[in-house]
Amino acid sequence: MLFLVVFSAESSPERQTCSQQNKKILRQTWNVIASHKYAYMFLKPVNEKFAPEYYRVVKRPMDLLTLKRRVAKGLVDTLEGFQGEVMLMFQNAMMYNEPDSEVYRRAVSTQGDIVEHLQVCQGFHKASF
């Protein structure tokens, strides 16, 4: 099981070390999510060839590859920020797709699995301090 630790933001050499450690932990968490059986549906940005007018409907698109890049650039560096981006990804899928569609149903299912995993990790983080 993967456990997450998120550090406070300070301006010091320790902050840089913590930031690198946070990135590593978030990358590991990303790997867990990307290995989910339905993750392939959320791995890359949506192609409008297969989802007409997606970018007219969805104003802030998110996918796993984009999230991975945001973590690498330091734009997402906390568990809370990471969770928000993951939830955005699933909410976009549910907003664009009809409730009876395969993508919608898999977004709901995958979101439930991922939220459960993140809550376990977050509970461990809180209990460790």
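Author: Let's start with a term we will need: a contact means heavy atoms within 4.5 Å. This is a predicted model, in which local features need pLDDT of at least 70 and side-chain atom pairs count only at pLDDT 80 or more, while totals for chains, interfaces and linings use all residues. Residues are numbered from 1 along each chain as its sequence is written, and side-chain values use heavy atoms, with hydrogens and water left out.

Reader: Thanks! With that in hand, which residues is E85 in contact with, leaving aside its neighbours within four places in sequence?

Author: E85 is in contact with R60, M62, L67, R70 and V76, once those neighbours within four places are left aside.

Reader: Where does E85 lie?

Author: Helices here are DSSP runs of H or I with at least four residues, strands are runs of E with at least two, and both are numbered from the N terminus. E85 lies in helix α4, residues 79-96.

Reader: Does E85 count as buried or exposed?

Author: Buried means under 20% relative accessible area, exposed over 50%, and partly exposed in between, using a 1.4 Å probe and protein chains only. E85 has 6% relative accessibility, so it counts as buried.

Reader: And what does the side chain of E85 make a polar contact with?

Author: A polar contact is a pair of N or O atoms within 3.5 Å; within protein, one must be able to donate a hydrogen and the other to accept it, and residues adjacent in sequence count only if both atoms are side-chain atoms. Here the partner is the side chain of R70, at 2.9 Å.

Reader: Let's move to α3. Which of its residues are buried?

Author: In helix α3, residues 64-72, the buried ones are L64, L67 and V71. Seen down the axis of α3, the buried residues fall within an arc of 55°, so they line one face of the helix. That arc is taken from the directions from the helix axis to the C-beta atoms.

Reader: What can I look at around the ends of α3?

Author: At its start, a side-chain oxygen of D63 comes within 3.0 Å of the backbone nitrogen of L65. Just after α3, G74 has a positive phi of about 80°.

Reader: What does I114 touch, not counting residues up to four places away in sequence?

Author: I114, in helix α5 (residues 102-127), touches I33, H36, V86 and F90. I114 is buried, with a relative accessible area of 3%. From I114 to V86 there are 28 residues in sequence and 8.6 Å in space, C-alpha to C-alpha.

Reader: Finally, how many helices and strands does the chain have?

Author: It has five helices and zero strands, and 38% of its 129 residues count as buried.
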